[in-house]
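Welcome! Please take a look at the sequence and the 3D structure shown here, and then read on for a short tour.

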Amino acid sequence: MSTIMENIDKIFNMSLIYATFRSATPIIFAALCAAITQQANIINIGTEGIMLVGAFTAVSVSYFTGSWILGVIAAMLAGAMIAMIMAVGHIRYNSEICAIGMGINMLAIAITKFLLKAVFDTNGGFSSPEIDPIPRVHLVFLNNVPIIKDLLNDWSITEWFAIVLIVILQFFFYKTVWGLRLRAVGQFPEAAKTAGIKVNAVKYQAMLISGLIGGLAGAHLSLGYSTQFIENMTNNRGFMGVAAMYFGGANPVLTAVGCLLFGFSDSVGARLQAYGIPSQFVLMMPYLVTVTVLSISMIAKLSANTKRQSALNVN
Amino acid sequence: MSQSMKGLRKIVITMLVALGIGALFIMAIGENPLDAYIALFKGAFNGKLRLGTTLAGFTPLLLTSAAFAVAAQAGAFNVGVEGEVFLGGITAAYIGINWTFLPKPLLYLACFLGAMVIAAAWAFIPAALKAFYGVSEVCTTILMNTVAVYITSYLVSGPMSAGTANPQTLPVNVTLFQFMKPSSANLGILIAIGVVLLVIFMLHKTNWGYKIRTVGTNPAHADYVGISSRKVFIGSMMLSGMLGGIAGCIEVLGVHGYFLNNFATGLGSNGMLAALIVKSNMIFTPFMAFFLAVLKAGAMGMQQTTGVPKALVDTITAVFIIIATMETAFQFNSRRKKKKEEQA
């Protein structure tokens, strides 16, 4: 422990800010993927699977075409396709959403494993110099600004886009007619129906957009965050995203704050590993933090709720 | 047609559709689906070693699928069985190695009880969080699985390590008899069958079982008639955890004889799949667990003889689940009837 205290400035320094954001970005995309369906009162347990399929599609399309743009687009379409399977099952055929979501996750793990063997003839993972990664943005005008230079330069395009997407979704949810309808469908479908909103159409739209974002999450993971595909590489990030979405109550900005918290614990853990903390504890940290934060936030929400209700009951 | 017959018919149709989709995949990579399925079947049953391997694979699946189904009876979606298997396994290994002061019969008992207690305690956390604070048990159990795996991984490569290159513990002092050597099929299968029968009896013939089923169908009604839905919910999750713990204990005492790092990967999730396909019907679940065990065991043989990757089996299973969850699919006549009724 003493070595940790001596090296505290090496653990908590400026580069931790980018490290936090970097490990949070895939979870932010996943959380936004879950948030949009949650607004329509569908809990998207399949986020993990959508992401994984997106990650595989992005790598293979980028490898065969040599274009990261095509890879990202294909990943988004693949994500949308998977999401539509879920949507049809849930909305048309009355599937229990958790059950079909877990089915989708299993399908994603199995089918990417199968295709990895069938297309690339390898097990475990695939990487190649011919995979075209998502480029990083180098802002030339920042070259002479001391601290900002290290902080903001060389982010990958999708990392910048994550911030844009948070703002866009925040605007769409709370400032547009479509967002109002979406939330109406989620909170009181009967009332929405009476108001002339096509409830199922809105749900399908939410699932479709969720699939596109989930596919993008996967593409970022396999082309931006790293440049390879590994079996089950999402590693429960989709579920962390769902947990963050609960934490933020499906509000994009608050949800992203939750993701940053997980990213922070991930990056601090990675640095602590150098000072003799067993790797298993380091690896377990983001999961432990996620469960704890999720629980505390739900408990706080519940007690706030009961307080409000009891205030109503006074008179 | 009676309700259970309808359920059975739907399972059969779903199974055929899933195998059909699997055949399309096999044809897409230029292999003969019929050859592949025959190789799959042979891989699971042909010869003592293969049959034994199938049975050894069936044992934990039987318990984990029942574990998921029991929780589902009370309305819980317990994805955490896998973590409970791991923790049950490490507890059984710890007791089996260190508590040598106990006479052998008591040591067996201590291993099983220890595994059950720790696993049930682990299941209590997400159960209580859900029952009292509404925290989604799907999220917490999945994330806690990873935590459980890392805890056991730390113990087996650190304090409990036998010092081998591949992290594992010292051998335990009590083992379950393996009756089909060289396969690892062991007496644990009888224990598993007994336990599952006991759980089925408990669910359908006892007071407690009635409470669980009431809470699962309608928690508000349960609370109204004086059954504490929270208590029953937590109880069923803990029972689910115990079954997972027993599975872990059998794997350690029966199959390996020591705790092996990552020994139970996929046991929990495969059990969950078996239960999901039959909508956690306690009677059908064991049969589905057997079917999945056959698929899993045969997959290796299929990969070796035909060149179809064994991941195909997982793909088929996943398709199977996705179609099986669609409640209103394949209800041909009833939907037509409904339409007629609506028109009338």
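A residue is called buried if 20 or more other C-beta atoms lie within 10 Å of its own, exposed if 12 or fewer do, and partly exposed in between, with the C-beta atoms placed from the backbone. With that in hand, you can follow helix α8(B), whose face turned away from its buried side carries the exposed residues Asn207(B) and Thr217(B). Helices (H or I, at least four residues) and strands (E, at least two) are DSSP runs, numbered from the N terminus.

This is a predicted model, in which local features need pLDDT of at least 70 and side-chain atom pairs count only at pLDDT 80 or more, while totals for chains, interfaces and linings use all residues. Residues are numbered from 1 along each chain as its sequence is written, and chains are lettered from A and ligands numbered from 1 in the order in which they are written.

**The two chains**

- Chain A contains 14 helices and 4 strands, whereas chain B contains 14 helices and 0 strands.
- Along the principal axes, the C-alpha atoms of chain A fill a box of roughly 60 × 55 × 40 Å, and those of chain B fill one of roughly 75 × 60 × 30 Å.
- The radius of gyration is taken over C-alpha atoms, and the globule rule is 2.2 Å times the number of residues to the power 0.38.
- For the 315 residues of chain A, a compact globule would have a radius of gyration near 20 Å, and the 21 Å of chain A agrees with this.
- For the 344 residues of chain B, a compact globule would also come out near 20 Å, and the 21 Å of chain B agrees.
- Buried residues account for 48% of the 315 residues in chain A and for 56% of the 344 residues in chain B.
- Two residues are in contact if their C-beta atoms, placed from the backbone, lie within 7 Å.
- Of the contacts in chain A between residues at least 6 apart in sequence, 74% join residues at least 24 apart; in chain B the corresponding share is 77%.

**Where the chains meet**

- Here 37 residues of chain B are in contact with 41 residues of chain A.
- On the side of chain B that touches chain A, α5 (104-133), α6 (137-157), α11 (267-277) and α13 (311-325) of chain B each supply at least two residues.
- The most comes from α6(B), which gives 11 residues to that side.
- Sorted by class, that side of chain B has 25 nonpolar, 10 polar and 2 charged residues.
- In this sorting, Ala, Val, Leu, Ile, Met, Phe, Trp, Tyr, Cys and Pro count as nonpolar, Asp, Glu, Lys and Arg as charged, and the others, Gly among them, as polar.

**The nonpolar core**

- A nonpolar core is a set of buried Ala, Val, Leu, Ile, Met, Phe, Trp, Tyr and Cys residues joined through C-beta atoms within 7 Å.
- The largest one has 215 residues, and those with the most contacts inside it are Ala31(A), Leu32(A), Ala55(A), Ala243(A) and Ile246(B).
- Helix α10 (residues 229-256) of chain B gives the most to this core, with 15 residues.
- Leaving aside neighbours within four places in sequence, Ile246(B) is in contact with Leu63(B), Gly88(B), Phe112(B), Ala115(B), Met116(B) and Val195(B).

- In helix α8 (residues 207-217) of chain B, the residues Lys211(B), Ile212(B), Val215(B) and Gly216(B) are buried.
- These residues lie on the same side of α8(B), because they cover an arc of only 130° around the axis.
- Such an arc is that of the directions from the helix axis to the C-beta atoms.
- The cover over the buried residues of α8(B) includes α3 (48-73), α7 (188-205), α9 (219-224) and α10 of chain B.
- In helix α9 (residues 177-187) of chain A, Arg181(A), Leu182(A), Val185(A) and Gly186(A) are buried.
- They sit on the same side of α9(A), because their arc around the axis is only 135°.
- Val177(A) and Gln187(A), on the other side of α9(A), are exposed.

**Two tryptophans in chain A**

- Trp160(A) lies in helix α8 of chain A, and Trp155(A) lies in strand β3 (residues 155-156).
- Trp160(A) is partly exposed because it has 14 other C-beta atoms within 10 Å, while Trp155(A) counts as buried because it has 21 C-beta neighbours inside 10 Å.
- Leaving aside neighbours within four places in sequence, Trp155(A) is in contact with Arg136(A), Val137(A) and Trp160(A).
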